[in-house]
Amino acid sequence: MKKTQTTFVFVVLTLSIIATSVKADNYGKSTVYVNIPSDTSFTLTVLGCSGSNIIGTTEGGATSTTGDISFNATTTPENNINAQSVGACTQLQSGATNPIYQYDPTGNVPLNFSLRFENALPAWITVRAGGVTYGASCSGAGVNTVQIINTYTTVAYNIAQANCIANVTLTADVTAGASAGITSLGSLYSRSQKA
Amino acid sequence: MKIEVKKSSGKPLTKILLIIIAILLVGALGTLAVPKIFTPISELENNRPKHCIDDKCVPDIVFSKLPSYPKNFDEIDLGVEYGKYYWNEHFSAVAPDENYYKQPEFYPNFENEENLEYYLQVKELDEGRVEYPTERVGVSGYGTYPADTVVKGILPGEDLKVVTYLHTGWFIEKYQGMELKPVFPSHGDTQQGMISVVQEPDVVKDYFEVNIEPAVILLEPSYPVFYPNWAQKVTIKVNVKENTPKGTYLVGVTPFEPPADKSEGWKYKYGIYAYTDAGMAGIGRPHLQIFVKVE
């Protein structure tokens with residue numbers, strides 16, 4: 001009798017373990033998902049107008065710039081034309097301390113920033129990027145001096161997520177064959193005035 | 001003195017059996033029990049912490065367009081960080097998912113001093129107006145969180161689903177239109193080096209069918225205040241085709257310019273000072289990387 005009861009206990013326990021396993025299988029899956037808490041966000045700023053802006057919070061995006069840039073050539077040929085922002089005011093970049101672009105990774109992934117223009121540039125204009133990194137955590141980071149074209153070209157590399165910003169300047173060379181007036185190149189505009 | 005010796009009658013063993021059966025029954029009933037009842041209204045009171053540097057704090061108006069900050073926000077935030085939610089959704093009965101993923105605190109590094117500096121410069125005026133500096137303007141910026149997902153144990157013919165949250169970068173004043181598209185890079189790895197993949201994009205693209213919902217997205221500004229749709233949920237469904245060989249592959253998702261008709265419509269609605277197409281700046285990798293290990 002005792003033996004029978006012991007066996008019964010064993011059977012009940014075994015069944016309960018099997019039942020538990022079956023239940024676990026309902027919630028488990030052979031496919032495993034591993035989410036890595038990385039964030040690839042970034043912020044790109046351009047030169048705006050000096051001072052401050054006052055808006056109601058119902059008015060989204062009351063900015064002073066279109067976000068586009070232009071190169072204003074006063075004669076041709078002309079080299080090393082500084083980029084300026086297009087908008088309610090004209091803000092010309094002045095070296096790498098006041099650059100046309102600042103790239104800042106705002107998540108937690110170090111990023112390599114690249115730039116491209118929407119369309120292929122005419123033969124009479126060449127645009128170069130350059131600049132410096134700025135911040136306390138820029139070890140191993142840098143900014144390339146490179147020509148910008150209509151496919152992505154790496155401008156700044158290994159920019160850390162905290163306390164490192166890439167100050168990126170854009171300058172253009174315009175040849176004597178430049179078109180007069182404003183030439184739109186997608187997000188790049190060139191204003192050229194022949195001598 | 002009389003000493004009685006009682007022979008075991010087996011009753012204690014019966015009692016043990018009854019107790020075990022009772023425990024099992026209670027356990028079984030527990031699995032069928034009605035889920036715990038929450039009181040969402042009281043839990044949804046605004047519980048957002050103050051963000052201050054020295055004596056200066058980010059004004060409340062910066063967050064005024066966002067859903068309420070749930071009481072259990074920190075618990076959910078930690079759960080997402082530690083990968084406790086397989087599908088990155090259905091976080092809690094306390095509040096809808098958007099009450100969590102639309103909070104800037106949901107994303108890494110919002111509370112970094114460098115990021116908070118942007119928002120500390122916002123001054124709340126009267127009648128819902130704000131004042132903020134304009135020397136530099138945030139014109140482009142976005143990212144996904146999580147940005148890397150590893151899926152193991154998938155068989156040819158099976159589907160997988162990944163949820164990520166696409167959000168505007170900090171300090172961005174523009175509405176940004178974009179279209180998310182699948183990309184198949186020649187190589188890629190996770191940040192921690194857990195997995196590294198080298199592949200032939202032209203071959204691999206035929207192994208997967210990728211459906212992104214929604215694919216065309218308008219991200220709203222995150223400055224000077226956070227607008228309601230500054231962060232949005234994106235679901236990616238991937239079908240691994242039957243002819244896919246065993247191996248580890250990288251499926252990327254990244255924003256490009258939106259379709260021309262959408263771009264024109266948004267430009268018309270918001271104006272050229274407020275709207276821009278995404279896609280000018282690259283970051284050297286897809287914004288979302290899905291590593292798929294096909295068995």
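Author: Start with burial. A residue is buried if 20 or more other C-beta atoms lie within 10 Å of its own, exposed if 12 or fewer, and partly exposed in between, with C-beta atoms placed from the backbone. By that count, 36% of the 295 residues of chain B are buried. In chain A, 38% of the 195 residues count as buried. This is a predicted model, where local features need pLDDT of at least 70, side-chain atom pairs count only at pLDDT 80 or more, and totals for chains, interfaces and linings use all residues. Residues are numbered from 1 along each chain as its sequence is written, while chains are lettered from A and ligands numbered from 1 in the order in which they are written.

Reader: What makes a run of residues a helix or a strand, and how many are there in chain B?

Author: Both are DSSP runs, numbered from the N terminus: a helix is H or I with at least four residues, a strand is E with at least two. Chain B has 7 helices and 18 strands. Chain A has 1 helix and 15 strands.

Reader: Which residues of helix H5 of chain B are buried, and why are they said to be on the same side?

Author: H5 of chain B spans residues 113-120, and its buried residues include B:Asn115, B:Leu116, B:Tyr118 and B:Tyr119. They cover an arc of only 145° around the axis, so they are on the same side of H5(B). The arc is that of the directions from the helix axis to the C-beta atoms. Strand E1 (52-53) of chain B is included in what covers them.

Reader: What makes two residues count as in contact, and how many does each chain give to the contact between chains A and B?

Author: Their C-beta atoms, placed from the backbone, must lie within 7 Å. Chain B gives 75 residues and chain A gives 63. On the chain B side, strand E7 (residues 148-154) gives the largest share, 7 residues. By class, that side has 39 nonpolar, 25 polar and 11 charged residues. Here Ala, Val, Leu, Ile, Met, Phe, Trp, Tyr, Cys and Pro count as nonpolar, Asp, Glu, Lys and Arg as charged, and the others, Gly among them, as polar.

Reader: How do you know that strand E3 of chain A and strand E4 of chain B pair?

Author: Two strands pair if DSSP finds at least two bridges between them. E3 (residues 52-56) of chain A and E4 (residues 129-133) of chain B have 5 bridges, in the antiparallel sense. That meets the definition, so they pair. A:Gly56 stands opposite B:Arg129, and A:Ile54 has B:Glu131 as its bridge partner.

Reader: What makes E3 of chain A an edge strand?

Author: The open sheet has 3 strands in the order E3(A)-E4(B)-E3(B), with antiparallel pairing. E3 of chain A and strand E3 (123-124) of chain B each pair on one side only, and these are the edge strands.
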